[in-house]
Amino acid sequence: MSPHRNLLGLVLGVAVAAACSSGNPDALNAGGTSGATPPTPPGTGDDGGTTAEGGPTPIPGGTLADEQFPPELLGPYTGPPNTDYENTFVSYLQLKARVTQLFADTGIGGGTEAYFATKIALLGGADFKTTFSEARVASPDFLVALDGVAKDSCARAATNKTGPFAGSDPANPAGGDTALATTLYQKLLLRAPLAQEVTDAVALVTTLKPISPDAASAWAGLCEGLVRHPDFLFTLPPSVAVVTGADKERMQLVKLALDLSGRLPSDAEITSLAGKSVVEKVTHYIGTPEFRDFYYHRAQVRTESVRTPESSEPARLWTYLMINGAPMQDVLTADYSVDAQWNKITRGPEHGKSGVLTMPGFIKTKPGLPHYNYAARVMTDYMGQLFEITPAILAGRISATAGSTVEPGSLCVTCHGILTPLEFQRLKWADDGTYRTTDLTGATIDDSDKGVVPDYPFKGAGMEAFSTVAVRKEKFFRQTFQAQFLFFLGRQMRYSEDERVLYLALWNAAWSKQGDLREIVKVIAAGVPGYLGN
Amino acid sequence: MKRREFLAAVSGSYAIGMLDWMRYFRQNGVPGTARSLGLAEAAAQVVGQPRFLIYWFNEGGWDGYSMLNPVATRNDALGGATAAPLDQIYRPNIALVNGLYPVSTSGNIKYGHLAGSGTSLFPDMAVVSSHHGGTFHSGSRLQYHMGKYDMTFSAKRGPDERSVMQAFCEAYGSAYFMPHISWHNWLADGELSSADYPEGTGYYEKLGPAYANTIYGSTPTVMRQRIASVAAASGAGRDKEIHKFVENLNTNFLKDKHGTTTQAFAAAVQAHAALVSGGATLNPSTMFTDATLRTEFNVKTADEQTTSTAVNGNPARSKNSPNTNVQALMTYELMTKGASIAFWIESRDVRGFDSHRSRANVLSNKGQYDQKNQIDVNMWTPLKALVARLKSTQYAATGKSYFDYTTIVLASEMGRSMGGGDDDVCQHWNPSSVAFMGGAVKGGTQFGAVGTTSLDAIPTMPDGTLDPAYDATTGALKGTKSASSFVSDAGSVYATALDLCGISKANQKGKNLGTPLAFVKK
C-alpha cells in the first residue's frame, strides 16, 4: 500500500482541526454517566461552612469522582507564592467611558463618539465590523493613540474650561498653581495628589508655560500627563498602594465600577457606596444596566459574535443567566433562548436541553464531521479541555485510520475518545445550524454516540445526552468560573496552585446558590487576594 | 563617535535598545551625517549592510501538488475512473497532457499550473520541492513563525523563544522606527479559542527586545494614524517635556513590579518612547497614496479594507489586514523610507486557501477546487510588482538594489491532498513546497521532488540532491534511506531565512531546531 493510500485511509483523522491531547494528565478522564437530568445542587450551607453539629460541612458534589471537587486540591498549596503584579489594563470601552465621563465633552476631535471609533484599531477595541477581538494588554499602538486622545481632550477642556477645568481659570488659577494642580489630580485621577506629585506637576506647568502658546496650553500639558498616568490606564489605580482612607476606597470603587460596569463610579455612587462592603458594592453594580451591557459585550467577544442577532444568541443567553441569576448550567442545558429584549423565549423541541450547543450562532462557526472543530470547541470552551497536535502526535497520526482513532490504547483515543462520539451526537445539526433528520441520501441520521467508545461518559442520542451530563462535571464548573475570571481579572484562576482555596469557595457558592453567576462574581471580587489592592 | 565607539560606550553589548540609539541620535546627531538628515536615511548608513526579510504566506494550505512540488497524475474527477474511491486521484480541471496533469518546466524549475504566473520570477528563485508542512492549521502556522521544537502552543512563551521575524529584527532592527511589521492574526480562524491562549502564549508579539516586537501593520489608514499620532506626539519642546513627565510616572510605577501585565506595559512604553522619538521624519499624509505605486500594485479601494469573511464555518474574526497587494505596497514604502525591515505578508481572508471539498463536489466539478485565481491575486501579481520595484530601486548610493539586500520566503502552512474520504477529498496534507528569493539566493534552482507513486516528498541530501536510495521519479524506496537525508520543514525554512540574511545557525536566536538549507544560498 502506498503512502498515499495509507493517507487516504485517514479520512477522518487528517481533516481534523483539533486533534489529540497536549498531554494534560487529567484530560478526558470522565467516568460513566449518572443519569440524564441536570444536576440539582444540594442545599448545603453557604460557602462550605459548618454543620449544626459543628463539624465541617461536607463539600458538595456529584456522585462520580469527576463530579466532585478534586480531593488533591483540599490540601494546602506548598509551592512558591505568586509575586506577579496583577492589574488589568483598560480596554477601549473602559477608556472611552472614562474620558467621556471626566471630560463631559461630546465634541472631542469633532465628535467624541466618532473620534473614538476612528481610533478603535489602535486602541484595541472590538466593533464587530472590522475588529472582532480586544487587546488584553497595553500596546505601543494604544499609547500612541492615547497621546492623541490626551492632547485633543485636554486642549479643549483647558480652553473651554470644561471637564477637569470646569470652575477653574488656567490663565489665573484661584489659589495658585498648586491649587489647580491638585484639582486636576482630583478630577482626573479621583484622588488627592501626594506632596511630591504636586511639586512635579507645578514644575511641569512652569516648564511648559514659556514654550506653550498660552497658560491654558501649559495646563493642558499637565492634563495630558495625567491622562497618560498609570492611574488612568489600569483598572485598579496603582496608587491604591500608597493612598489611604476615602481616597483608597475610591480607588477600589474605580476598580469595581470599571470591571463590572465598564465605567467610572458616578459622584452619587461614590457617596452612596462609601463604607459599604465589597459584596454590597458588587451587588449594586450588577444591578446597573451598564453591567448588563458590558457583560454582553464581553460575552460577544468571548462567543465570537459578529453582532448579528443570530451570532449573538449565545452571548444573550450568557448575559441572561448572569443578570437573572439563572443556573449557570443552563448555558449548556437551557431549553429556551433569549430575545433582544432579554426575555426568555421558547424554542423548538428539536433543541432539547442543549443551551448554546444547538444555537446556529454557535454551530455555524464550528464545522462538524469530517472536521472536529465543533467537538473540540465545545470541550475547550465549556469543559476547559485544550487540544493541540504536537509534533509527536503528528508523527503518530501518519499511520492512523479513522477507526483507530477510537481504539482503546491508541495514541488518538486520548482526544478522539470524546471528539468522535460527540461529533456523532451533533449529526442532526448541519454546519449551517439547521436541524435535519435525514442525510443527503435520505437515510435517517443516527445521532447517538454509536457506542464507539465504551467508556464515553456522555452516552446517548443528541446533544442533550452530552449537555445534561457535562454540567455535572467538575471541569464544567471550573471552566465556568474561569470564564468569569477572564472577564473580570483578565487571566485564568490558578485553581491548582495558590488559588485552590478560592476555587473551593467558588465551588461551594455555585452549589449553595444554585449556580447563580452573580454569586460567583461576588466571591471573585471579595476573595481574590490583591484584587482591590489590599 | 563612530558606531563602534558608541557600542562600547553604552556597555559593549550587542543588544542595544532602540531607546539607546534614539537617545544617542537626539543628543549627538546621527554619526557621520548632518543632524538634519533624518533618521530614515541615517539609519541606513549606520547599520552596515542593510538587511530586509519578507515572508509571503498563503494561509489555509495551498495545493502544493499543483504548485512548486508538482506531480503528474491522472484526474479521476473527469470520469471513467477504475480505481476504488479511496484510491482515486483528483486534480484541478485543466487540460491533461497524455492523460496526466501537466507538469511544466521553466529554466531548471518544474512547476504546476498554480505557479504559471510566477515563472518570470524563477531566475531569482530557489525552489524546495521536498518539503513537509503540517496538517493542523494553528500548529503549523505557529511553526512557520517560531520554527520547530518541542513546543506546547498554550504554554507561556519563554524568554529564549523568538519568531523568525523577531530573531531577524533583534539582529538588525535596533536603529529602525518600526522594524517588524506583520499582517497576520494567529488565532483569527477560530480553530483555537482565544480565551485559552492568554497573553504570552501561542504567538507572542513581545519576544525579544522591544524593537523586535511585532507591530501589526493593519490597513493604510491605521498605519497613517499610527504614524500621525507618533508625529503629533514627537519632537522637541512641549511634547518632549510631557513625555519626560510621563516617563517618570511610568518608571516609578514599573519599579519592582513584574508579571504579564506589567511586562506588556513596559514593552509598550519602551516601544512608544522609541516611536515618538524617531517617527517625525515620515509624512503620513503622503504614505501609500502615490498614484504610480498604486497603479503598479493595482490597488483598489476595497483592497485597503479588512475582511471578516467566515471560511469553512470558522468564526469571522478578522486578520485586520488589507489585501496582499496593499501589504506589498506598504512594505515597499516602509522599507524604502527606512522605517521597517521585516514584513510578514499574509493572504487577507481567514483560511483563504483552505479549500476542502467533498467527493461529490469534486466529481460534479470534474476536478478539485482550482486555487489559480486565488494564488495569482494573493501572491504572484503583487509579488511581481514588489520584486520589480525592489529591483529598480537603488539602496542609497550603493549601486545595489533593495532586492539585493532582501530575502523573500514563499510558503503556506500545508499542502492539500488529492483524494480521501467522501466528505473531504482536499484534506490538509504534509507534502508541500517552499521557495526563496533575494540577493543571497541561488536563483533558478530547484531541490527535491515528489514521487509519482509515493506522492510524498523524496528526501534530499545535505547538498540538495535526492537521496539515491529513492527512485528519483516514483519516490519509491529502493534500498536503505541515507542517514543524512531529510525532508525540509518549517524549522528548515526558519533557519534558512535567517541564514540567507547573514545570521548563521549558531547566531540565530530562538529555539528552532531546524538547520539551514545551505544549498539554496549563493
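Mentor: Helices (H or I, at least four residues) and strands (E, at least two) are DSSP runs, numbered from the N terminus. Keep in mind that this is a predicted model, where local features need pLDDT of at least 70 and side-chain atom pairs count only at pLDDT 80 or more, while totals for chains, interfaces and linings use all residues. Residues are numbered from 1 along each chain as its sequence is written, and chains are lettered from A and ligands numbered from 1 in the order in which they are written.

Trainee: OK, at what angle do α5(A) and α6(B) cross?

Mentor: Roughly 55°, with the axes of α5 (residues 140–160) of chain A and α6(B) coming within 9 Å. The two are therefore oblique to each other (under 35 degrees is roughly parallel, over 145 roughly antiparallel, 65 to 115 roughly perpendicular, and the rest oblique). The crossing of α5(A) past α6(B) is left-handed, meaning the near helix is turned anticlockwise from the far one by less than a right angle; clockwise would be right-handed.

Trainee: Which residues make the contact?

Mentor: From α5(A) you get A:Asp141, A:Val144, A:Ala145, A:Asp147, A:Gly148 and A:Lys151, and from α6(B) there are B:Arg226, B:Ser229, B:Val230, B:Ala232 and B:Ala233. Contact here is C-beta atoms, placed from the backbone, within 7 Å. By class that is 5 nonpolar, 2 polar and 4 charged residues (Ala, Val, Leu, Ile, Met, Phe, Trp, Tyr, Cys and Pro are nonpolar, Asp, Glu, Lys and Arg charged, and the others, Gly among them, polar).

Trainee: And the whole interface, how many residues of chain B are in contact with chain A?

Mentor: 74, against 73 residues of chain A. On the chain B side, α4 (137–146), α6 (220–233), α7 (238–254) and α8 (260–278) each supply at least two residues. The largest share, 10 residues, comes from α8(B). That side of chain B divides into 25 nonpolar, 36 polar and 13 charged residues.

Trainee: Switching to strands: is β11(B) mostly covered or open?

Mentor: Covered: 8 of the 8 residues of β11(B), 431–438, are buried. A residue is buried if 20 or more other C-beta atoms lie within 10 Å of its own, exposed if 12 or fewer, and partly exposed in between, with C-beta atoms placed from the backbone. B:Pro431, B:Ser433, B:Ala435 and B:Met437 point one way, and B:Ser432, B:Val434, B:Phe436 and B:Gly438 the other.

Trainee: Which strands does β11(B) pair with?

Mentor: Strand β4 (residues 125–132) of chain B is antiparallel to β11(B), over 6 bridges, and β8 (residues 406–412) of chain B also runs antiparallel to β11(B), with 4 bridges. Pairing needs at least two DSSP bridges between two strands. B:Phe436 stands opposite B:Ala126 and is also the bridge partner of B:Val409.

Trainee: Last one: why is α23(A) called largely enclosed?

Mentor: Because 8 of the 11 residues of α23(A), 517–527, are buried. Among them are A:Leu517, A:Ile520 and A:Val523. The cover includes α10 (245–261) and α12 (278–286) of chain A, whose axes come within 10 Å and cross at roughly 35°. That crossing of α10(A) past α12(A) is right-handed.

Terms used: Contact = placed C-beta atoms within 7 Å. Axes fitted to C-alpha atoms, helices over the stretch in contact; angles between N-to-C directions.
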